[in-house]
Amino acid sequence: MEFLNAFVALSNYVLIPGIAYGSQLALGALGVTLIYGILRFSNFAHGDTMAFGAMVTILVTWWMQAQGISFGVLPTALLALPFGILGTMVLLVVTDRVVYRFYRQQKAKPVILVIVSLGVMFIMNGIVRFIIGPDDQNFADGARFIISARDFKAWSGLDEGLALRTSQGITVITAVVVVVALFWFLNKTRTGKSMRAYSDNEDLALLSGINPERVVTYTWLIIAALTTVAGVLYGLDKSFKPFTYFQLLLPIFAAAIVGGLGSPLGAIAGGFVIAFSEVTITYAWKKVLGYLMPEGLEPDGLVQLLSTDYKFAVSFVILLIVLLFKPTGLFKGKSV
Amino acid sequence: MSEPVKNTLLFLVVAVLIAIAGFMQSWNTALLILNMGLVSAIMAIGVNLQWGFAGLFNVGVMGFVALGGLAAVLVSMPPDPDAWRAGGVRVLIGLALGAATIIGAVLVYTRVKKGPLRAVGIVAILVGGFFIFRGVLDPGVDAVESVNPALSGYLGGLGLPVILSWPIGGLLAGGVAWLIGKTALGLRSDYLAIATLGIAEIIIAVLKNEDWLSRGVKNVVGIPRPVPYEIDLQNDPDFVSSAAGWGLDPVEASTLYVKLAYAGLFLVVLLVILWMAQMALKSPWGRMMRAIRDNEVAAEAMGKDVTRRHLQIFVLGSAVCGLAGAMLTTLDGQLTPGTYQPLRFTFLVWVMVIVGGSGNNFGAVLGGFLIWFLWVEVEPIGVYLMETITSGMAEGSALKSHLMGSAAHMRLFTMGLVLLLVLRFSPRGLIPEK
């Protein structure tokens, strides 16, 4: 019983939030890694692109809610998601044509493109704040829980309740669907194969008749889908605030680098590594240990290794350790 | 138009812009822009040292600026004897133990041969050290923070003159930069960028949460000033009579006097830093730096120790940013960790350097003034613009109030636009590198 209680408490506060957060990070890191692999620069505007996609989705959600359209127990935001993706696709393709293409044709150094992406970041940040404002926005509706703590207690007879929020369930399912679709696209379709070829060796790909502009456009379209899905899932699970999206940049980059920049599989692994280390290190273990330790040995304090405010420090330290001992990341990434 | 004439004209344009703000708004606004412009120019010189001279991509400027601000508190605030008695020594011992743990782990890593023994040893030292460190530190921190938490609740500073904190802020930032550089500088440019971004967030997190150090988000206010207080000036009959001689009322005269005094102090610092940066740029050392930046492999083949030189300039540039940070906190008279935002303290400085002209110290200074002016003035201009656009709309309509409320966010958009336009049409900046 004690062991089961401990396990339920652990799932409730560490495993489930970790898996949900990890899926969100993995989607974000997949985007970063794709841009790095194909366009060959680190995109600092990624967090703000996520915010933009989420913002368009939220606006459409609000409109749908006002029209009385709903998705039953699921959040309306899922219905609005395709519109958000479309809006972000338009934004990213326009940005590429107006801003990035010039530097690609100049064959500018990657670091110049990084600085250009800083400018794009400022502009996107400005647009998002201009349209929706810098405050928290709530857009989640539908059923709140798949399994609520009280039902679980009544069903299992344990002291600990297990709660699974709808947003967490949706996050994991959506992430799995998106990742499967992405890998199918990259590995099985002609366009996906040409993208991988372009990423592996640009000159050889050009020689074999791959149109680089087409590859780049497709990449941006995929990025738009990935960022919007990641942004909406994060917003549903936590809350939408433009500044938090900017701050997500650090764990997302950490995930992509830990996994190995340019490696999609690595990005997913990296996302979960970062998410789980953040959650386990900032979690107060008192409850779980209280169930596991023998009578009289229960800890007095919270047994929290670091306060939650230091979660950035966790992703950062993991990043440093991986970089110092395995500079190309867990899965062999590339370096430009 | 010859080079010097053009550059002088550019500086004149900025001076005229600030003067226009003085005539149109108020001289207090104009002087505030000038003072912040001076501080921004010093930050821009610091980033220019790293990026313009050596090509190091440091996006952790905010962290070093905040460290400078911390130095201002630690140097100038009076010490809190009760807090020291309650747990000051215990906190210091705890910190020393923490440092000893890390040094011990590094020593084991460098001295012991690679193998399972070393890995186990390092993990044992780190884990054991962490718990001892927390065990010693936490009670001390609790004791310090419970001493008069509403007003103090921290250890206080040294009670020295605040000007001293400027060089000390530089030293503190430089010291932290050395630690970061030691670990992160061997990495590729993208990785260095992410590493510095993370470090800056961590430094801000420490400032926000370690209440015993600088009161965290409760802020430290009333940092002593290097210049007189307005209220003292207003009570000084000599000052009031000389202000009357200028035709000014004492209140306005005193605020202007204080701002001018700051401007004088800051100008001296800026000129010294600028002179040093120019000397460094022209020296053999500066030429070597640029050679390394332009072709690392060739410089290495010539026997230059690239990583070491990078570390050197990373520390120097960060120290300059720390100095500017201490000056900024002195000007504000308070340390408010909640206000440190990466867009404002890191990326805005980057816009200054790129727009001004990376690799040219005068360009960085010009960019500092110009971009700060825009940053401040875009908001009133935006509000004015929105008033014009919405003048035809019905009073109280939702769109109108939304547009008016959002005008403040125009500044981020404008900064991005300026950066992109300069990068596209004048990639070397307003005053290019020679």
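1. Contacts in chain A. Among the contacts in chain A with a separation of 6 or more, 76% are between residues 24 or more positions apart; two residues are in contact if their C-beta atoms, placed from the backbone, lie within 7 Å.

2. Basis of the note. This is a predicted model, in which local features need pLDDT of at least 70 and side-chain atom pairs count only at pLDDT 80 or more, while totals for chains, interfaces and linings use all residues. Residues are numbered from 1 along each chain as its sequence is written, with chains lettered from A and ligands numbered from 1 in the order in which they are written.

3. Overall form of chain A. The secondary structure comprises 14 helices and 2 strands, where helices (H or I, at least four residues) and strands (E, at least two) are DSSP runs numbered from the N terminus. Along the principal axes, the C-alpha atoms of chain A fill a box of roughly 70 × 55 × 35 Å.

4. Burial in chain A. Of its 336 residues, 46% count as buried. A residue is buried if 20 or more other C-beta atoms, placed from the backbone, lie within 10 Å of its own, exposed if 12 or fewer, and partly exposed in between.

5. Interface. Chain B contributes 33 residues to the contact and chain A contributes 32 residues. On the side of chain B that touches chain A, H7(B) gives the largest share, 13 residues. By class, that side of chain B has 21 nonpolar, 7 polar and 5 charged residues; Ala, Val, Leu, Ile, Met, Phe, Trp, Tyr, Cys and Pro count as nonpolar, Asp, Glu, Lys and Arg as charged, and the others, Gly among them, as polar.

6. Helix H1 of chain B. The buried residues of H1(B) are Val14(B), Ile18(B) and Ala21(B). They fall within an arc of 50° seen down the axis of H1(B), so they line one face of the helix; the arc is that of the directions from the helix axis to the C-beta atoms. Exposed residues on the other side of H1(B) include Lys6(B), Leu12(B) and Phe23(B). Helices H2 and H16 of chain B are among the elements covering the buried residues of H1(B).

7. Ile180(B). This residue lies in helix H6 (residues 165–184) of chain B. Ile180(B) counts as buried because it has 26 C-beta neighbours inside 10 Å. Apart from neighbours within four places in sequence, Ile180(B) is in contact with Thr196(B) and Ile199(B).
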